[in-house]
Every structure is written in C-alpha cells, then in structure tokens.
Amino acid sequence: MKTAIFNTKPYERAAFETALRTTAQPPELDYLEPHLTPVTAPLAQGYRAVCAFVNDDLGADTLRILAAGGTELIALRSAGFNHVDIAAAADLGLTVARVPAYSPHAVAEHTVGLILTLNRKIHRAYQRVREGNFALGGLMGFDLHGKTAGIVGTGKIGTVVARILRGFGMRLLAHDVAENPDCVALGAEYRTLPELLAESDVVTLHCPLTPDTRHLIDAAAIAQMKPGAMLINTSRGALVDTRAVTAGLKSGRIGHLGLDVYEEEGDLFFEDLSDHVIQDDVFMRLLTFPNVLITAHQAFFTHEALGNIVATTLANIAQYQAEGRCDNAVTLQHHSGKAGARSR
Ligand code: NAD
C-alpha cells in the first residue's frame with residue numbers, strides 16, 4: 001500500500017529500512033521531510049496511507065485535504081493521539097491507527113532519570129566538575145527512600161514508574177479514574193487528586209491528555225501541593241498550565257520541575273534551533289530556573305521503543321491493507337477519555 005511518511009528524521013528512516021528487510025509484503029514507503037500541515041497535505045495526493053508523528057498537524061483542515069486526495073488510513077507513530085481531530089476523521093471515514101504500547105520502560109526510565117538528576121543536581125555537577133569547580137554548595141539533595149511519590153495515571157507507564165520507585169523504598173500514592181490491581185499489588189494507595197498532591201514529595205504525571213485532563217495541574221492544584229515538592233511531566237505538555245507552574249516555581253511552592261513535554265512544544269521540539277532566536281518567552285523563562293530540567297520529548301527514544309514503533313506501524317498498515325480495519329484504531333470513545341479510561 002502506498003504510504004507517505006511525513007516528518008521523518010534519519011534515525012526513523014534507518015529503523016524503517018531495517019524493519020522492511022524482514023517484512024514479508026512490505027508497503028511502498030515514501031519518506032517526506034516536511035511536517036504534515038494543511039500546506040503540505042497535498043503531497044499525500046494518491047497515497048492510501050499517511051504516517052505522522054506527534055508534532056504533525058492533524059486538525060480538520062489537514063484531514064479534509066488528505067481524504068480528498070484518496071487517503072484512507074492515518075498511521076500514527078505515537079501512542080498519544082491528542083493532536084488528531086478524531087471526530088473530523090470519523091466524519092471523513094478515515095481510520096486513525098496508533099501504536100498503543102511500544103516501551104513503557106523507555107518513558108518510565110526517563111521519568112526516573114529526571115527525578116534523580118533534579119534531586120541530586122547531576123546536570124549542575126556535570127558542568128561544575130568540567131570547569132574545575134569541585135565545591136558542593138547548592139548540590140544537596142534528599143533521600144528518595146521513605147519519601148512519598150504521587151503517580152497520576154496508573155496505566156502501562158505509571159505502573160512501571162511505581163515499580164521502580166518502590167525499589168527506592170518510596171511510599172506510593174496513586175490517582176486514576178480506575179484502580180489498577182498491578183499498582184495496588186505494588187503497595188500503591190489510591191487517593192483523590194487533592195489528597196495525592198497534599199501528601200506527595202514527588203508528583204509524576206502519566207495520564208493522557210483529554211478534555212478532562214487539560215491543565216490538570218493549574219494554579220489551584222499547585223496550591224494543594226506539598227511546599228517544595230517535585231513535579232514531573234513526561235506525558236503531554238498541556239496537562240500542566242505552564243504559566244501557573246512558573247508562578248509556583250517563583251513562590252517556591254514547586255521545588256523542582258522536570259519536563260519532557262511542553263504545551264507549545266510543536267514550534268520547538270525535534271528541531272535544531274540553536275541558531276535561532278526563540279520567540280516563546282514562557283518557555284525561555286522556564287530555562288532560567290536552576291531547579292528546572294527540560295528534555296525535548298525524548299522519553300520514548302530508545303532503540304527498543306523505536307523498533308517497536310516501526311514494527312507496529314508496519315503491522316497497522318498491513319492489517320488495514322488486508323482487512324480494511326485496524327485493531328489499533330482510535331475511536332471517538334478513546335478520544336473522550338471514557339473508553340474504560342485505559343487508552344489501549
Ligand atoms: P495508558 O493508557 O496505559 O495509561 C493511562 C492511564 O491514565 C490509564 O490508567 C487511565 O485510566 C488514566 N487516566 C485517564 N484519564 C485520567 C484522569 N482524568 N485522571 C487520572 N488518570 C487518568 O497509557 P501509557 O502507555 O501509560 O501512557 C501514558 C501517557 O504517556 C500517554 O497518554 C502519552 O501521552 C504519554 N507518553 C509520552 C511519551 C514521551 O515520549 N514523553 C511516550 C509515550 C507516551
């Protein structure tokens with residue numbers, strides 16, 4: 001099946017080419033560098049399948065152009081699908097398939113990396129030692145052992161995070177719309193969000209972005225947090241109200257902030273902008289805090305996860321070609337966050 005893969009980077013092409021060598025009936029793939037937007041969508045004219053990433057624009061305008069050009073399948077190279085207008089896709093008869101799980105370990109391990117780095121200030125120590133500054137002032141952390149971790153969203157990733165943090169001897173609190181027995185078995189106690197925020201030394205977000213979870217961490221939620229607590233978001237940027245978090249950092253209510261995602265990341269992440277003047281003042285303010293650590297949506301980026309993303313994407317395309325449907329199709333129920341809540 002002719003497939004246009006938008007927004008491809010060299011490392012993704014290499015992963016696709018490796019996988020294609022062992023694929024029985026490989027689809028005909030064309031790699032396109034541009035992001036998918038209403039302006040670039042006409043490039044997909046005549047392609048039955050279009051493959052897109054998290055920072056592509058899959059709003060109604062783009063989808064209309066794709067459908068008019070003969071596209072039937074949107075194969076997402078991501079688990080999250082909050083960047084797709086699912087209602088518009090359904091109206092246009094487009095199937096939207098995703099990669100529901102590729103490595104919860106990749107994201108969970110990066111989450112824990114942010115926690116450890118922020119706590120023990122390893123990013124600052126690295127710079128100091130390279131400059132011959134061996135002083136310890138300002139580098140003091142705290143024992144994670146005995147502290148309380150609050151995990152918001154206890155699906156696949158949240159559960160792996162819970163397992164790792166339990167290994168550090170942390171007390172586990174959890175919040176979700178549905179209790180996960182695997183987390184309960186790890187010793188997690190479920191709480192309302194305000195209760196979790198009030199008791200947790202580390203709050204880490206692992207729920208999807210839905211209309212219900214947008215700005216879940218806003219000024220009111222921050223006011224409920226334990227003073228000086230650490231906030232980590234490796235899920236989706238808009239779970240957090242960035243301006244409210246900035247105010248929380250300035251007041252000291254938030255003691256540490258670790259982000260792998262940012263609500264306006266579409267204009268920044270995945271590109272080398274080191275020669276550009278960055279126009280986003282909200283983002284640039286965050287970079288000035290010594291207790292903030294930001295990575296550019298790389299939590300998924302392991303060899304294993306990329307291999308699984310490519311394998312599932314090719315399987316989604318193959319299933320659609322053979323059956324005209326996909327097991328990994330996203331439905332309107334998923335989109336509303338009400339599909340039994342777990343977004344498999
Ligand atoms: P999952 O579907 O297995 O788990 C999500 C959990 O969130 C479910 O248990 C669900 O019930 C819960 N949830 C839904 N609505 C909620 C609400 N209002 N409050 C609390 N909990 C709620 O998903 P997952 O595989 O664990 O992934 C979690 C998120 O991680 C994804 O939605 C995605 O946005 C993000 N993600 C980020 C990266 C990255 O590279 N940074 C990579 C993959 C996934």
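**Exercise 1. Determine whether Pro10 is buried or exposed, and locate it in the chain.**

Step 1. Pro10 has a relative accessible area of 66% and is therefore exposed; buried means under 20% relative accessible area, exposed over 50%, and partly exposed in between (1.4 Å probe, protein chains only).

Step 2. Pro10 belongs to helix H1, which covers residues 10–20. Helices (H or I, at least four residues) and strands (E, at least two) are DSSP runs, numbered from the N terminus.

Step 3. Between the C-alpha atoms of Pro10 and Ala247 there are 39 Å, and the two residues lie 237 residues apart along the chain.

The model is predicted: local features need pLDDT of at least 70, side-chain atom pairs count only at pLDDT 80 or more, and totals for chains, interfaces and linings use all residues. Residues are numbered from 1 along each chain as its sequence is written, and side-chain values use heavy atoms, with hydrogens and water left out.

**Exercise 2. Describe the overall dimensions of the chain.**

Step 1. The chain contains 13 helices and 12 strands.

Step 2. Its C-alpha trace spans about 60 × 45 × 35 Å along the principal axes.

Step 3. For 344 residues, a compact globule would have a radius of gyration near 20 Å, and the 21 Å of the chain agrees with this. The radius is taken over C-alpha atoms, and the globule rule is 2.2 Å times the number of residues to the power 0.38.

Step 4. Of the 344 residues, 51% count as buried.

**Exercise 3. State how the rings of Phe269 and Phe283 are arranged.**

Step 1. A pair of aromatic rings is described by the distance of the centres and the angle of the planes. Rings of Phe, Tyr and Trp (its six-membered ring) pair if their centres lie within 6.5 Å; planes under 30 degrees apart count as stacked, over 60 as edge-to-face and the rest as tilted.

Step 2. The structure holds 7 aromatic pairs. In the pair of Phe269 and Phe283 the centres are 6.0 Å apart and the planes stand at 70°, so this pair is edge-to-face.

Step 3. The pair links distant parts of the chain, 14 residues apart: Phe269 is in the loop between S11 and helix H11 (281–286), and Phe283 is in helix H11.

Step 4. Phe269 counts as buried because its relative accessibility is 5%, and Phe283 is buried at 7%.

**Exercise 4. Identify the cavities and the residues that line them.**

Step 1. On a 1 Å grid over the protein atoms alone, a cavity is a set of points where a 1.4 Å probe fits but cannot get out; lining residues have an atom within 4 Å of a point. Grid points are joined across faces, edges and corners, and a volume is the space filled by probe spheres set on the points. There are 2 cavities of 30 Å³ or more.

Step 2. The largest cavity has a volume of about 50 Å³, and its lining includes Asn233, Thr242, Leu257 and Tyr262. Helix H10 (242–251) and strand S11 (254–259) each supply at least two residues of this lining.

Step 3. The second largest cavity has a volume of about 40 Å³ and is lined by Asn7, Lys9, Tyr11, Glu12, Phe53, Phe270 and Phe300.

Step 4. Tyr11, Phe53, Phe270 and Phe300 also belong, with Phe301, to one aromatic cluster.

How values were computed:
1 Å grid on protein atoms, 1.4 Å probe; cavity = no way out; pocket = protein on both sides within 12 Å on 5 of 7 lines; lining within 4 Å.
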